[in-house]
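Hello,

Here is the structure I promised to pass on to you.

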Amino acid sequence: MNKHLYETVPELKKLNQKRQGEVNEYFDDAPKWLIDSIQVVKMPKNATFIHENEPVSAVYIVVRGTVRAADYRICGIVYDFMRVEHMEAMGGMEIVLDLPTYRATIQCVTPCLALKISRECYERWLNTDIKALKREARTVGRYLLETDRKSRSYLFLQGADRLMLYLVDLYKKYAQEELLVVKSTRQELSEMTGLCVRTVNRSVKKFYENRWITKQGNNFSISKEQYEQMSEAVSKLIER
């Protein structure tokens, strides 16, 4: 554990044990000058802290909360193409790829706590620490591979089939004890899939009728059996 980090940023002591472990690994060999440059940023729900096409001035390492990346350019439709609940550096990809401006708008889905590091300091760290550079390169590579896979799949899927693929991916990432509870509103599901709300409503109704999802108050859930049924259906569509 980097003691200087916790002395400089005491807010980190309030994180749960799992997240503290991630923080310890991330900043394991971080130099003192980098830690001294960290600014703590507390952001409320719906706060936008990175704007697409603005100059890359800083990296935000979100240590608590959920953020989303949204694209507003296509026909006025908000396409919520990425949600991040784990610790990740927002703006890190742009620095690794040497891009002058941010490539997405990043907004808080929940109240968030982030560590803000200037571009100058973060870039200097990556240029002088091969371990930090390789970690960020792996993160960028995984993101680009996953985005490419989703884009190719979504290209050929419409309506309910596209939403079904999204729910299958959601189950694989976030199911706990073989159950996923989807708390997203219809509007949020619309933004995550690029479908209109009306299409989302029709698709959800269809899934209820097929018994692929189960109503749970204002939300719905997906069991392992239901996930397997949807996964099989999606696989057949993609193969076809």
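Below are my notes, from the whole chain down to single residues.

First, some ground rules. This is a predicted model, in which local features need a pLDDT of at least 70 and side-chain atom pairs count only at pLDDT 80 or more, while totals for chains, interfaces and linings use all residues. Residues are numbered from 1 along each chain as its sequence is written, and side-chain values use heavy atoms, with hydrogens and water left out.

**Confidence**

The mean pLDDT (the predictor's confidence in each residue, from 0 to 100) is 86 for the protein chain, and 88% of the residues reach at least 70. Strand 8 (residues 112-118) has the highest confidence, at 96, and strand 5 (residues 79-84) the lowest, with a mean of 61. Please read residues 73-79 with care: their pLDDT is below 50, although the model gives this stretch 16 contacts beyond near neighbours in sequence. A contact here means heavy atoms within 4.5 Å.

**The chain as a whole**

The protein chain holds ten helices and eleven strands. These are DSSP runs numbered from the N terminus, with helices being H or I of at least four residues and strands E of at least two. Of its 240 residues, 48% are buried; buried means under 20% relative accessible area, exposed over 50%, and partly exposed in between (1.4 Å probe, protein chains only). Among contacts with a separation of 6 or more, 71% join residues 24 or more positions apart.

**Helix 9 and its partners**

Helix 8 (residues 186-193) packs against helix 9 (residues 197-210) at about 105°, with the axes 9 Å apart. Axes are lines fitted to C-alpha atoms, for helices over the stretch in contact, and angles run from 0 to 180 degrees between N-to-C directions. That makes the two helices roughly perpendicular, a label for angles of 65 to 115 degrees. Helix 8 contributes Arg186, Gln187, Leu189, Ser190 and Thr193 to the contact, and helix 9 contributes Val197, Val200, Asn201, Val204 and Tyr208. By type, there are five nonpolar, four polar and one charged. Here Ala, Val, Leu, Ile, Met, Phe, Trp, Tyr, Cys and Pro count as nonpolar, Asp, Glu, Lys and Arg as charged, and the others, Gly among them, as polar.

Within helix 8, the buried residues are Leu189, Ser190, Glu191, Met192 and Thr193. Just after this helix, Gly194 has a positive phi of about 80°.

Helix 7 also meets helix 9: their axes come within 9 Å and cross at roughly 70°, so this pair is roughly perpendicular too. Gly159, Ala160, Leu163, Met164 and Leu167 of helix 7 touch Thr199, Val200, Ser203, Val204, Lys206 and Phe207 of helix 9. This contact has seven nonpolar residues, three polar and one charged.

**Single residues to look at**

Ile106 sits in strand 7 (residues 105-108) and is buried, at 6% relative accessible area.

Two residues other than glycine have a positive phi. Glu178, with phi near 60°, lies in the loop between helix 7 and strand 9 (179-182) and is partly exposed, at 49% relative accessibility. Arg211, with phi of about 60°, belongs to the loop between helix 9 and strand 10 (214-216) and is exposed, at 67%.

Best wishes

Technical notes. Parallel < 35°, antiparallel > 145°, perpendicular 65-115°, else oblique.
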